[in-house]
Amino acid sequence: MTLLALGINHRTATVEVREQVAFTPTQLESALGELRGLPEVKEAAVLSTCNRTELYCITEEQGERVVLDWLGRFHGLAVEDLSRCAYHYLDNEAARHLMRVAVGLDSMVLGEPQILGQLKDAYQASRHARGLGKELECLFQHTFAVAKQVRTETGIGRNPVSVAYAAVSLASRIFDDFGRARALLIGAGETIELVARHLHEAGVRQLTVANRTRERAELLAAPLAGRAITLDEIPDALVDADIVISSTAAPLPILGKGMVERALKKRRHRPIFMVDIAVPRDIEPEVGQLADIFLYTVDDLQEVIEENRRHRQVAADQAESLIEHGVGAWLHERRIRGGGELIRDYRESAVALRELSEQQALARLARGEDPEAVIHRLAHQLTNRLLHRPTVALREAASAERHDLLEAAATLLLDASPDKTR
């Protein structure tokens, strides 16, 4: 059987294609049932996120075509179109790919941690749908162990590489008690939404969101127990703000030097940390000249991000080494498990032959045949039955000049003499 990883991701397919191939939560259980029901597929798991859809299967050889055909049928897509943006990996390459996905080495943002949680959800969904067997169960457990080791032993997730996270990271360095800081966020787009989430996760509980429309600001602020205001209310809100982070699409600055000076006087010159992520800028450059203002622009954040990206790349190189070790450990366990299954099957075959010979011998004894003759016949018959298949295989190997099989047979069959087995 073959381990197969097949899918598409942000590098191989547009968002339009990824949307068509994604599995919704309601589709997932039926999809796993269908996939597992294919005659060529013995085990199956599905990972579906905004950036990737991947199927992990234990299949018969060359099962990738069957799985790709099924994926196209399930989503009503032409397989020819799908095959142009799909990729697949087999056995150890498939295991390596899964481990790289788990630690964020294959993500759009290097080292991002969310993918590991999504992978664990995919694992649980497959277990619930009875898509996992011994092979995939072992693979996922090895993968989670490697991901934990990478997070523990490298700095791949420690340094922010997004503008939103970098802004929050800078802010956290300014305040001794970050959780007590009060934040004013200007705008309500995706970047400010991420900033709000990062601030909340960092312990900041006093959030105010200012936007052109109060309704949009409330959508962002409400889930975080924050306050929503309009842009006209910024001068008053600025008086209480320790942190100001702005990202709007306004053509002109929203915060001018005069407005900030008036707020500082009312604050008795308590400092304000400001980050202007917008292009064009939301905060007049002259604001940075004020003694109690720490103003950073998106360019300042890019320097932080690039430095952090370099740190993450060093950690990524360390992670690759840990992944190679993890793949090796998985392969070793897989070989041992495969050997164990072969031993079990071989012993079951030998036991069946023994029981057959035993039953025949007991029947002869019951008919009154000479016990000594029955024992001789039993030994002769059992020997012939046990040696028949290996003898035929050895003759075929000799005829085909399969010296590798002959050497393996000599090691397996001739190392133990009758004296050694007593």
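Student: Why does Leu413 count as partly exposed?

Tutor: In this predicted model, Leu413 has a relative accessibility of 47%. Buried means under 20% and exposed means over 50%, so at 47% Leu413 counts as partly exposed. The residue belongs to helix 15.

Student: Which residues lie nearest the centre of the largest pocket?

Tutor: They are Tyr346, Leu386, Pro390, Leu412 and Leu413, out of 24 lining residues. The volume of this pocket is about 1100 Å³. Helix 13 (298-366), helix 14 (371-399) and helix 15 each supply at least two lining residues, and the largest share, 10 residues, comes from helix 14.

Student: How are the lining residues of the largest pocket divided by class?

Tutor: The lining has 17 nonpolar, 3 polar and 4 charged residues. Leu and Pro count as nonpolar, and Tyr does too.

Student: What is the volume of the second largest pocket, and what is its lining made of?

Tutor: The second largest pocket holds about 920 Å³ of space. Its lining has 33 residues, with Val109, Glu112, Pro113, Gln114 and Leu194 closest to the centre. By class, this lining comprises 12 nonpolar, 12 polar and 9 charged residues. Helix 9 provides the largest share, 7 residues.

Conventions. Residues are numbered from 1 along each chain as its sequence is written. This is a predicted model: local features need pLDDT of at least 70, side-chain atom pairs count only at pLDDT 80 or more; totals for chains, interfaces and linings use all residues. Side-chain values use heavy atoms; hydrogens and water are left out. Helices (H or I, at least four residues) and strands (E, at least two) are DSSP runs, numbered from the N terminus. Buried means under 20% relative accessible area, exposed over 50%, partly exposed in between (1.4 Å probe, protein chains only). On a 1 Å grid over the protein atoms alone, a cavity is a set of points where a 1.4 Å probe fits but cannot get out, and a pocket is an open set with protein on both sides within 12 Å along at least five of seven lines; lining residues have an atom within 4 Å of a point. Grid points are joined across faces, edges and corners, and a volume is the space filled by probe spheres set on the points.
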